[in-house]
Amino acid sequence: MMDWTKYQLFLAGLMLTTGSLNTLSAKWADMFSAKGCHDGPQHKFTHPFVQAVGMFLGEFSCIAAFYMLLCYDRRRPEPKVNPGQSFNPLLFFPPAMCDMTATSIMYVALNMTSASSFQMLRGAVIIFTGLLSVAFLGRRLLPSQWLGIFITILGLVIVGLADFFSGHKDDTHKLSDVLTGDLLIIMAQIIVSVQMVLEEKIVYKHDVHPLRAVGTEGFFGFFVLSLLLIPMYFIHVGNFSDNPRQVLEDALDAFCQIGHEPLILLALLGNTVSIAFFNFAGISVTKEISATTRMVLDSLRTLVIWVVSLALGWEQFHGLQVLGFLVLLVGTALYNGLHRPLLARIPCCAAMANTEEQEDSPGERERLLGDGSVQAGDQS
């Protein structure tokens, strides 16, 4: 095992902590009840699009982080940061719209299901990213990656079954809401995979620094979604919405609820700040340690979210979730090549591991998959 420096340990801890806080703070905001703009009864803070705007604000702040990093680096005797080529920011508009759509859907789903299932089901992204990279990027998946995809599908089925059985005993969410939320999360991963394929083509073709890419997408997402809050205020959707006016999004009601319950603002700020630091930490971990380490930390984030949710009493323990998490972990490990170091230690399998390593493309090894976050993986 390699010896990590204090800085590398700090980055790993920062990524794990902020990545976990991102989902937990969003779920915490969903659990508050407060009065709105009128004298009606208290109601749940169900404002997924307002939360998504806050998340994009966090991503947008990565632009400031990029220029601060660049300014600091230029003061060194030998600058190491590559600022990348000049590019048309509008290139990132299509992936930003994918990010905006997927993030909004996932925040709607988070209102319906548990934080742990939300994080586990996001593992479905490797299925669709793998298939789309074959179709549109001309990538050839290795046998271990295909096996990882099939194992991930099995893990998703197990997590879905865990939600189905626990939904009968859950007083917080109705069974129909839980299953709908799970399906929305998986649907959102299809859009996320399109986003990742678009990002990969742009980032590698134009040599864009990841922090700058995340910040550019954050700007478009923040600007467009903020404007969309205006028509959403007037679009009546009936029982689909839980806000008193039954519109797609009532931003004024959200601000009134924050005024009556200031802790909601703390939860929203936690979401905004954590996504910014998570993007920075994730990109730094890839640069300072490896993309493989980033994938391991991202998987551990799911475990942290699950354990904290259980400790806070936000959800009940279910054995099938443990099995589902382990199966998803195996699928993700196979897809990202985490099995190769183990195979290399076995004499009869060393040649197989070396062959896979040679066949794997540099783009695949360095791709920044993974709240969100180029993300960033969990940009959301």
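Here are my entries, in the order in which I looked things up.

**Ground rules**

I am working with a predicted model, where local features need pLDDT of at least 70, side-chain atom pairs count only at pLDDT 80 or more, and totals for chains, interfaces and linings use all residues. I number residues from 1 along each chain as its sequence is written, and the side-chain values use heavy atoms, with hydrogens and water left out.

**Confidence**

I began with pLDDT, the predictor's confidence in each residue, from 0 to 100. The protein chain averages 81, and 86% of the residues score at least 70. For contacts I require heavy atoms within 4.5 Å.

**Overall make-up**

I looked up the secondary structure and got 16 helices and two strands. Helices (H or I, at least four residues) and strands (E, at least two) are DSSP runs, numbered from the N terminus. Of the 380 residues, 53% count as buried. My cut-offs are under 20% relative accessible area for buried, over 50% for exposed, and partly exposed in between (1.4 Å probe, protein chains only). The chain exposes about 17,600 Å², and carbon and sulfur atoms supply 69% of that area. Accessible areas come from the Shrake-Rupley method with a 1.4 Å probe; for residues, only the protein chains shown count as cover.

**The disulfide**

How many disulfides does the structure hold? I find one, taking a disulfide as a pair of cysteine sulfur atoms within 2.5 Å. It joins cysteine 37 to cysteine 256, with S to S at 2.1 Å. The pair links distant parts of the chain, 219 residues apart: cysteine 37 is in the loop between β1 (33–34) and β2 (43–44), and cysteine 256 is in helix α10 (residues 251–260). I noted 95° about the S-S bond, so the link of cysteine 37 and cysteine 256 is right-handed. Cysteine 37 is partly exposed at 36% relative accessibility, and cysteine 256 is partly exposed at 24%. I also checked two other cysteines: cysteine 71 is partly exposed at 40%, whereas cysteine 98 is buried at 14%.

**Salt bridges**

I searched the whole structure and found two salt bridges, each needing a side-chain nitrogen of Lys or Arg within 4 Å of a carboxyl oxygen of Asp or Glu. In one, arginine 76 meets aspartate 73 at 3.6 Å, N to O. Arginine 245 is partly exposed at 31%, and aspartate 250 is buried at 4%.

**A nonpolar patch**

I found a nonpolar patch of about 760 Å², made by Leu131, Val134, Trp146, Phe150, Ile153, Val157, Leu161, Phe164 and Phe165. Patches are made of residues with over 30% relative accessible area and no salt bridge; like charges are joined within 9 Å, and nonpolar side chains (Val, Leu, Ile, Met, Phe, Trp, Tyr) within 5 Å. The elements that give two or more residues are α6 (125–136) and α7 (143–167). Which helix gives the most? It is α7, with seven residues. Tryptophan 146 is found in α7 and is partly exposed at 33%.

My last stop was helix α1 (residues 6–30), where I looked at threonine 23. Threonine 23 is buried at 1% relative accessibility. Threonine 23 and arginine 301 are 278 residues apart in sequence, but 9.6 Å apart in space, C-alpha to C-alpha. Leucine 14 lies in helix α1 too, and is buried at 17%. Leucine 14 and phenylalanine 280 are 266 residues apart in sequence and 9.3 Å apart in space, C-alpha to C-alpha. Not counting residues up to four places away in sequence, leucine 14 touches Gly19, Phe277, Phe280 and Ala281.
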